[in-house]
Amino acid sequence: MAEDSEEDHLHFELDNGDIKTNIYEGGFKTWECAIDLARIVADDTDPPSSTAGRGIHCIELGCGTALPSITLFQSALSSSPPRPIRFTLADYNHSVLRLATIPNLLLSWAKITKCEPLSSAEEDDLDITPALLEDFTSDLERRGTYIDAISGAWSEEFIRLVGASGTPITAYTLVLASETIYSPSTLCPFTELLLALLSRNAAGNSKALIAAKKVYFGVGGGVDEFLEILTSMGGAAQEVVAEDGQGVVRVVLEIA
């Protein structure tokens, strides 16, 4: 019933705007900064050589359609030999994870690993059968690839759930986030969570890539506001790429 109620709210909000605070945070849309971040991930899919053999833990905050994580997921599927990797995909809305995030991963897996074409050449449909789902889960397990999905707001409980995932603390941690710093009310919780996730590992064994617009007009958040809070909490970032999106500057920040 709770999920049905959320979906009723989402159907209404999708018809009336991109975001509704504390109800729907835009996860069904692939935003521009997610594309910027996916490009960075595609160019830098290998962790430092010092972490070889330890596996990767990719955590995407506010994942939505999860394009950056899917880019890394596709790289992992194509690698030989397979490398251990765990994805923790987090979005405010459970329905986004169920209806967009996980289906996108399944589609990506099917296109890369299945020899037969998708069921409809015109629509790129995929028939979801029990046999296909069994193939999906067993193939990922064989490769050492694991997927966790977490819904809800940034909190200490989220950190606890990540810690309970079973990922060795020695695994290289890559935290990804795009379009997550637009709201001033969530900048502090987001930054606290980000630094807590990075601090779980020793220096040099983790990093975060944060993609965002320089300014979110009419909302109040942005890169400068985020950096001010990050610095006050003892963190530091460097700008690794900037894009001029028709007058709106977009950046990707690296935090280690």
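Ala66 sits in the loop between strand E1 (56–61) and helix H3. Although Ala66 is not a glycine, its phi is positive, at about 65 degrees. Please keep in mind while reading that this is a predicted model.

**The protein as a whole**

The protein has 256 residues, and 44% of them count as buried. Eight helices and seven strands make up its list of secondary structure elements. How much of the contact set with a separation of 6 or more comes from residues 24 or more positions apart? Such pairs account for 75% of those contacts. The accessible surface comes to about 12,700 Å², and carbon and sulfur atoms hold 52% of that area.

| Helix pair | Angle | Axis separation |
|---|---|---|
| H2 (residues 32–43) and H3 | about 25 degrees | 8 Å |
| H3 (residues 67–78) and H5 (residues 130–143) | about 70 degrees | 11 Å |
| H7 (residues 184–199) and H8 (residues 223–232) | about 55 degrees | 10 Å |

Take H2 and H3 to begin with. Their axes pack at an angle of about 25 degrees, which makes H2 roughly parallel to H3. The two helices cross in a right-handed sense. On the H2 side, the contact is made by Ala34, Ile35, Leu37, Ala38, Val41 and Ala42, and these meet Leu67, Pro68, Thr71 and Leu72 of H3. Sorted by class, the contact has nine nonpolar residues, one polar residue and no charged ones.

H3 also packs with H5, at an angle of about 70 degrees and with the axes 11 Å apart. H3 and H5 are therefore roughly perpendicular to each other. Which residues of H3 and H5 meet? Phe73, Ala76 and Leu77 in H3 touch Phe136, Leu140 and Arg143 in H5. This contact divides into five nonpolar residues, no polar ones and one charged.

The last pair is H7 and H8. Their angle is about 55 degrees, with 10 Å between the axes, so H7 is oblique to H8. H7 passes H8 in a right-handed crossing. From H7, the contact draws on Leu187, Cys188, Phe190, Thr191, Leu194 and Leu195, while H8 supplies Glu225, Phe226, Ile229 and Leu230. Eight of the residues in the contact of H7 with H8 are nonpolar, one is polar and one is charged.

Val175 belongs to strand E4 and is buried, at 0% relative accessibility. Leaving out residues up to four places away in sequence, Val175 touches Ile59, Leu61, Leu194, Leu197, Leu198, Lys207, Ala208 and Leu209. How far apart in space are the C-alpha atoms of Val175 and Leu61? The distance is 7.4 Å, although 114 residues separate Val175 and Leu61 in sequence.

Ala211 lies in strand E5 (residues 206–213). Is Ala211 buried or exposed? With a relative accessibility of 0%, Ala211 counts as buried, because the cut-off for buried is under 20%. Beyond residues up to four places away in sequence, Ala211 touches Cys33, Leu37, Ala177, Ser178, Glu179, Val251 and Val252. Ala211 and Ile35 are 176 residues apart in sequence, with their C-alpha atoms 9.1 Å apart.

Glu179, one of the residues touched by Ala211, is found in the loop between strand E4 (172–178) and H7. Glu179 has a relative accessibility of 9% and counts as buried. Its phi is positive, at about 55 degrees, although Glu179 is not a glycine.

**A leucine in H4**

Finally, Leu107 is part of helix H4 (residues 94–113). Its relative accessible area is 31%, so Leu107 is partly exposed. Leu107 and Leu126 are 19 residues apart along the chain, and their C-alpha atoms are separated by 7.2 Å.

Terms used: Residues are numbered from 1 along each chain as its sequence is written. This is a predicted model: local features need pLDDT of at least 70, side-chain atom pairs count only at pLDDT 80 or more; totals for chains, interfaces and linings use all residues. Side-chain values use heavy atoms; hydrogens and water are left out. Helices (H or I, at least four residues) and strands (E, at least two) are DSSP runs, numbered from the N terminus. Buried means under 20% relative accessible area, exposed over 50%, partly exposed in between (1.4 Å probe, protein chains only). Contact means heavy atoms within 4.5 Å. Accessible areas come from the Shrake-Rupley method with a 1.4 Å probe; for residues, only the protein chains shown count as cover. Axes are lines fitted to C-alpha atoms, for helices over the stretch in contact, and angles run from 0 to 180 degrees between N-to-C directions. Angles under 35 degrees count as roughly parallel, over 145 as roughly antiparallel, 65 to 115 as roughly perpendicular and the rest as oblique. A crossing is left-handed if the near helix is turned anticlockwise from the far one by less than a right angle, and right-handed if clockwise. Ala, Val, Leu, Ile, Met, Phe, Trp, Tyr, Cys and Pro count as nonpolar, Asp, Glu, Lys and Arg as charged, and the others, Gly among them, as polar.
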